[in-house]
Amino acid sequence: MRRHLSSAALVLLAAGCNSPAADGDQSPAASAAPAVPAALATFERYDAAAVPGGPGPGKRYALGTAASTSVIARWNTDVGAQGTELPPGKGSVGEGSALYTSLCASCHGVGGVGGIAPNPPLVGRDSSAEGFRFARDPQLTKTIGNYWPYATTLFDYIKRAMPLATPGSLTDSQVYALTAYLLAANQVIADTTTLDADALRAVRMPYRDRFVRDDRTGGPGVR
Amino acid sequence: MRVESNAPQGDGHHEGHNGDREDGLHGAPNDRSASEHAVAPDGLTDARGTSVSRRVLLTGAAGVAAGALVSVLPGAAVGQGGTSAGASTPPPAPSRVPADPGSMLGAPTSAQGMRAAAVNPARVPVGAVSGSSRSPLGELTGTITPSDLHFERHHAGVPALDAATHRLVIHGLVDRPMEFSVDDIRRLPQVSRTYFIECSGNGRAPFKSPKPETTAQAAAGMTSNTEWTGVPLATLFREVGVKREASWFLAEGADACHMTRSVPVEKGWEDAMVVWAQNGEPLRPAQGYPLRLLLPGWEGNINLKWLRRLELGTQPWMTRWETSVYTDPLLGDTARQFSFVIDAKSVITSPSFPDVIGTRGWRPVTGLAWSGRGRIARVEVSTDGGASWHDAELSGTPQPKAHVRFQYMWNWRGEEALLLSRATDETGQVQPTRTALIDVRGPGTDYHFNAIVGWRVQPDGAVFYHGTT
């Protein structure tokens with residue numbers, strides 16, 4: 001029996017435990033979740049014995065090569081919500097403001113108000129758009145300050161994706177500075193702040209607690 | 001003319017930022033209405049013998065506009081379209097059919113096939129680099145989307161990758177961090193499965209402000225259905241030895257935004273694949289060449305293209321694509337996160353705007369239905385705006401997480417009619433009305449628009465979109 005994935009994942013997340021992925025049958029979540037129709041494709045048991053001629057149960061095909069530390073390090077620059085991976089370096093709001101004007105304002109507007117589509121606004125704490133009322137009012141504009149749950153996401157995203165046409169061109173200290181500028185412009189941190197790994201980890205976004213897990217499970221009813 | 005109102009709309013990921021701002025290249029509609037005059041004099045009719053002049057104008061013109069747009073898009077040279085008269089090349093001018101084609105020698109064999117000169121289905125590209133293009137659902141039949149017409153959505157253009165040097169690195173909570181070449185992956189056992197991919201922003205603009213002059217392409221063209229070939233992710237998980245404590249993995253693309261999404265490991269064991277082919281040939285660049293993560297039934301964005309890295313961990317990374325965007329505001333002043341699964345949905349593709357039904361009598365009301373939770377169990381059609389519903393035929397056996405085609409035979413006698421379709425999947429989920437979705441999720445709901453929609457048929461035969469169910 002397979003568990004219903006989305007609700008099983010939901011239950012596991014809520015319980016804060018890890019998914020025993022390889023033998024999901026034993027999870028305590030199983031009884032709480034609806035069963036997946038039996039005919040659904042699953043590769044859980046599609047092991048090295050599944051295709052005739054293969055090496056057999058419990059074996060590997062042993063294709064591919066060991067990934068060296070340097071190969072992994074080249075791409076492994078992601079920064080997760082806790083910020084444990086944040087690199088050395090630091091940057092101030094003032095430095096970020098100057099960088100923003102020269103590198104970002106052409107698309108995102110002076111002060112981050114947004115540009116011509118698809119260049120989104122980055123800054124805005126208009127009181128009418130506070131309170132996370134986005135479902136109630138489709139006209140409200142989402143910004144980093146009134147929507148984003150984690151400040152670390154900003155560092156990760158700027159570093160991997162911006163400026164749009166020259167991603168990867170910023171130093172880590174420049175990314176800290178731009179992150180600091182955008183957080184200050186969104187009234188999340190003071191204008192005098194200098195961000196480094198510890199300082200960024202400590203930033204708490206205003207609406208962090210508003211994000212909830214998916215409760216749609218299929219079956220009758222609208223959620 | 002009505003054609004100009006089929007304004008292209010992006011999947012509008014930033015409408016939430018900007019209210020109802022249009023997310024697209026504003027030159028496109030004008031290009032198309034200008035070019036209609038070049039197409040119109042040929043006076044083509046379709047195989048049904050009914051006048052579809054509005055459709056012919058629209059699609060022929062869209063192709064011309066697409067060609068014009070593509071020339072300014074970075075990466076267009078490696079985009080989809082390839083050999084057909086699709087989005088990346090202007091369609092050839094419809095050639096005159098000779099009075100007796102059999103009286104002269106035909107064209108020779110060719111290296112790569114072309115569509116018939118009068119057939120020019122085209123995507124409508126919107127947005128230069130953070131953009132989308134939709135499948136022309138109103139012109140497609142059956143369930144398989146031709147690869148060059150599979151919808152696109154990308155956030156930093158289509159990268160030009162070399163399959164010979166491309167690598168997939170898998171690391172983190174694994175016994176053996178590994179690097180796989182595309183050739184390594186092709187040497188593992190191959191599986192082929194047919195699945196839809198739908199962008200969770202599909203239908204946003206017509207949901208938010210329904211306009212009569214909306215094609216099936218604009219209403220729902222960010223879903224497509226193809227056969228994918230690749231290796232089960234479970235096989236790669238076994239090769240690297242995913243540790244038991246791993247509960248999430250991060251998938252990363254090699255495009256210019258290096259897109260990242262967090263995925264529960266369980267989905268990786270269940271039915272995820274790393275695919276390298278689509279409809280029998282290597283992936284096209286816009287679909288992720290050379291490698292794409294395929295998560296059947298889950299929102300388009302997480303079916304990550306140009307896959308270069310998988311990192312196993314214990315919690316989601318909270319990337320920009322699972323926080324700032326692809327999260328769904330809810331009443332109660334919260335936002336739903338990790339809303340992966342596509343809900344049960346259907347759309348009638350024929351008749352649809354801009355058809356004009358010229359002839360009374362029998363015709364199929366036909367369309368597509370799909371669900372990210374499994375098979376479609378039932379599709380009902382109404383011709384009276386929902387006062388009465390009738391079971392439609394499902395062609396063939398519905399496959400899980402794949403488009404199924406439905407049809408209902410309808411005898412039009414010239415009356416005003418309102419055609420609607422309503423899908424039910426095997427979990428018992430019934431496609432809701434737009435009003436029901438808004439009641440539950442709020443008017444600012446921003447993804448997963450699976451409301452019942454349809455088409456109003458006027459006594460003069462003109463067909464218009466109806467979204468306010």
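Hi everyone, let's start with a definition: rings of Phe, Tyr and Trp (its six-membered ring) pair if their centres lie within 6.5 Å, and planes under 30 degrees apart count as stacked, over 60 as edge-to-face and the rest as tilted. This is a predicted model, where local features need pLDDT of at least 70, side-chain atom pairs count only at pLDDT 80 or more, and totals for chains, interfaces and linings use all residues. Side-chain values use heavy atoms, leaving out hydrogens and water, residues are numbered from 1 along each chain as its sequence is written, and chains are lettered from A and ligands numbered from 1 in the order in which they are written.

Over all chains, the structure holds 21 aromatic pairs. Take B:F196 and B:W370: their ring centres are 6.4 Å apart and their planes at 55°, so this pair is tilted. Both B:F196 and B:W370 are buried, meaning under 20% relative accessible area with a 1.4 Å probe, protein chains only.

Next, B:F353 and B:F464 are stacked, with 5.9 Å from centre to centre and 25° between the planes. B:F353 counts as buried because its relative accessibility is 1%, and B:F464 counts as buried because its value is 4%.

Over in chain A, ring pairs join A:F132, A:F134, A:Y147, A:Y207 and A:F211 into a cluster. The charged end of A:K142 sits over the ring of A:Y147, 5.0 Å from its centre; that needs NZ of Lys or CZ of Arg within 6 Å of the ring centre and within 35 degrees of the ring normal. Back in chain B, B:R204 lies over the face of B:Y447, 4.7 Å from the ring centre.

Note on methods. Buried < 20%, exposed > 50% of the residue type's maximum accessible area, 1.4 Å probe, protein only.
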